[in-house]
Amino acid sequence: MSVIAQAAAPRRLARSRFTFDRLEVLGPLFIMPAILYVVVLVGLPFLLALYYSVSAYSIFNPSYTFVGLKNFREVIDSEIFRRTLANTLIFTISAQIIGLLLGKIGAMLLMQEFPGRRLARALIVLPWAVPVSLATLAWVWMFDSLYSVINWTLVAAGLIDAAHRPQWLGQEDLAMIAVAVVHAWRLFPFGVVIFLAGFTSVPQDVLDAATIDGAGFWRRNYQIILPIIAPIIMIAVIFGTVFTFTDLSVVYLLTKGGPINSTQVLGTLAFQVGILSGDVAHGAAICLFLFPFLLVAVILLLRSLRRREI
Amino acid sequence: MPRLAGKVVGQSSFYAAVITLVVFAAFPFYWMLITTFKTDGDLYNLKSIPYWFNAPPTLEHLKYLFEDTLFVQWLSNSALIGLCVVAITLLVALPAGYGLARMPGRSGENLSIGIFLTYLVPPTLLFLPLARVITLLGLQDSLWALVVVYPTFTIPFCTWLLMGFFKSVPREIEEAAIVDGCTVVGAFVKTVLPLSVPAILTVVIFAFTLTVQEFVYALTFISSSSEKPVTLGVATDLIRGDIFYWGELMGAALISSVPVAIAYNLFLDRFISGITGGAVK
C-alpha cells in the first residue's frame with residue numbers, strides 16, 4: 001500500500017511529508033511509545049528488582065553493595081519463607097480447583113434457557129467485576145469474630161455451639177480455608193464466563209451428529225466438548241493461576257498473613273519484608289521466587305495463543 | 001405420572017443448583033446492602049435474626065460517610081486517576097494497535113504477543129523497584145504516581161484488543177483515502193478511527209475499570225489519606241485501630257462497586273474475547 005501512497009503523492013510535496021507517508025517509517029513510530037512505556041516501567045524495574053535481590057539495599061542503608069546470592073540463601077533458610085511458599089501453592093491450587101469446578105457447573109446451568117437467566121448471570125459475575133479490595137471487606141465483616149453472619153447461621157441451625165464459635169480469621173487452619181474460599185469465590189465467575197464462551201463456540205451440528213451416532217451426556221461432555229474448548233480453558237487456567245499465585249490484596253485484607261504466618265503468601269511476605277520492614281533486598285529476593293513460575297505461565301500461554309492460529 | 005414426577009424433581013433440583021450458586025456469589029453484596037442501612041444497635045445485637053432489619057433502617061452511616069470522612073475525595077481521586085490513565089492509554093495504545101495490525105507478515109502479531117505478555121507481570125513482582133522509580137520521579141505519596149504506573153497494565157491489554165480490532169478493518173478503506181490525497185496519519189484519523197468507536201469505547205471502559213480495581217500499587221505508594229483512591233481509602237482509613245465502622249465501610253464498598261460492576265458486566269464478553277486472544281467471538 002506504500003506503493004500506492006507514493007504514486008498518489010504529488011511530486012511538489014516536501015520531502016519530509018513524503019517520508020511520513022510511508023507506513024514502513026510510520027509503523028515503528030506508532031508502536032514506539034507503547035514499547036517505551038513497557039520497557040521503562042516494566043522492563044527496567046524488573047532489572048532493578050534483580051539487582052536489589054543480590055545487593056544489601058534497605059531503606060535505612062540505601063547502598064547497592066553486591067552480596068551475591070546471600071539474600072536468596074537466607075530467604076530459603078528461613079522457616080517462615082518455606083511455610084509461605086507451601087501456603088501459596090496450597091491456596092492457589094485449591095482456589096483453582098474449586099473455581100474451575102464451580103465455573104463449569106455454573107456454565108452448564110446457565111447454558112439452559114430459564115426465566116431470570118440474564119439476572120442470574122449478572123449476579124454470578126459480580127464477585128469478579130467488583131474491585132477486589134472492596135469485595136474482600138464484605139468477607140472480613142462476614143467472618144467477624146463476634147458478629148459473623150456465618151457463625152450466627154451455623155448456631156441457629158444447631159451445627160455448632162454458641163460458646164465455641166469458630167474464629168474464621170483467627171485460627172490457623174480455618175484462616176487458610178477462609179482465604180482459599182474467598183479466592184475461589186472471586187475466581188469462579190471468571191470460570192463460568194470462560195466455560196460459557198467455550199460451550200457456545202462448540203458447533204451445534206457436531207453435537208447433533210454425535211447424538212445421532214449414539215453419544216450420551218457424558219461422552220458428549222468429555223470426548224467432544226472438552227477437547228474442543230480445551231485451549232480456551234487452558235488460557236483461563238493460566239490467567240486464574242497467575243492472578244491467585246501473585247495476589248496480595250485478599251490475604252492482606254483478610255488476615256495480613258496471620259495468625260502466626262499461617263496464611264502468609266509470597267506477596268504479603270514480600271510486602272511485609274520489603275515495604276513495612278524496609279528490607280528491600282530480601283523483599284526483592286522473595287518476589288523473585290514468583291519468576292520461574294511466571295515463566296512457565298508465559299510459555300504455556302504462548303503455546304496456546306500460537307495453537308489457536310493454526 | 002412417574003415421568004411428570006421425575007420432571008418436577010429435575011426442574012426443582014436445577015433451580016436449587018442455580019439459586020445456591022447465585023446466593024454464594026451475591027450474598028456478600030446483599031450483606032453490604034443490609035449492613036449499610038442498619039442502625040448500630042441492630043448491627044451489634046447477637047439475639048436478633050441478622051438477615052433482615054430488626055429496627056427501622058437508617059441513613060446515619062451514609063450521612064457520616066459523606067460528611068465526616070474523605071469518601072467523596074477518594075471517589076474523585078479514583079475518577080481523576082481513571083480519566084488520566086484512560087487518556088494515556090488511548091494516546092499510546094491506539095497508534096500502537098494500528099501500527100501492529102498493519103505490520104507486514106507475522107512480525108506485528110509476534111510483537112503484540114510480546115507486549116501482551118507483560119500483562120502477566122504482576123504488581124507483586126514490581127512494586128518494590130517501582131517504589132524506587134516513583135521516588136526518583138518525585139511522585140511519592142501522590143496520586144500522580146498511580147497515573148504514571150497504571151498504564152503499565154492497561155497499555156498491553158488495550159493494545160492487544162485494538163490490534164485485533166484494526167485487523168478486521170479492511171485496508172482498502174485507508175488505501176482509498178490515501179489515493180484521494182490523505183496522508184497515512186490522515187487516513188487513520190479520518191477513516192479508521194470513526195469505524196473503531198465500539199472498540200475505543202471498550203478500551204475506555206476496561207482501562208477505567210482495571211484502574212479502579214487496582215489495590216497493590218496504591219497500597220505501596222500512597223500513605224496520605226487525601227491522595228488515596230477509593231479502593232485504598234475505604235479499606236485502610238475507615239478502620240481505626242481495631243474499631244471497624246461496619247455500616248460506613250459496607251456503604252462505601254457498595255457505592256464504589258456498583259458502577260464498576262455494571263460497566264464490567266456490559267463489556268464482559270469483549271474482555272473474554274480479548275483474554276482468549278479472539279479464540280472466542
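This is a predicted model: local features need pLDDT of at least 70, side-chain atom pairs count only at pLDDT 80 or more; totals for chains, interfaces and linings use all residues.
Chain A contains 15 helices and 0 strands. Its radius of gyration is 26 Å, whereas a compact globule of 310 residues would have a value near 19 Å, and along its principal axes the C-alpha trace spans about 90 × 70 × 30 Å. Buried residues make up 51% of the 310 residues in the chain, and among contacts in chain A with a separation of 6 or more, 66% join residues 24 or more positions apart.

| Property of chain A | Value |
|---|---|
| Positive side chains | 22 |
| Negative side chains | 16 |
| Distance between the centres of the two charge sets | 12 Å |

Helix α6 of chain A covers residues 117–129, and its 13 residues reach 18 Å from the first C-alpha to the last, close to the 18 Å expected at 1.5 Å a residue. The buried residues of this helix include A:I124, A:L126 and A:W128.

In chain B, helix α6 runs over residues 123–136 and holds B:L126. Because its relative accessible area is 3%, B:L126 counts as buried, the cut-off being under 20%. Apart from neighbours within four places in sequence, B:L126 is in contact with A:L41, A:V42, A:P45 and A:F46 of chain A, and with B:V121 and B:Y217 of chain B. B:E172 lies 46 residues from B:L126 along the chain, and the C-alpha atoms of these two residues are separated by 43 Å.

Terms used:
Residues are numbered from 1 along each chain as its sequence is written. Chains are lettered from A and ligands numbered from 1 in the order in which they are written. Side-chain values use heavy atoms; hydrogens and water are left out. Helices (H or I, at least four residues) and strands (E, at least two) are DSSP runs, numbered from the N terminus. The radius of gyration is taken over C-alpha atoms; the globule rule is 2.2 Å times the number of residues to the power 0.38. Buried means under 20% relative accessible area, exposed over 50%, partly exposed in between (1.4 Å probe, protein chains only). Contact means heavy atoms within 4.5 Å. Lys and Arg count as positive and Asp and Glu as negative; His and the chain ends are not counted. The place of a charge is taken as NZ of Lys, CZ of Arg, CG of Asp or CD of Glu. The expected span of a helix is 1.5 Å times one less than its number of residues.
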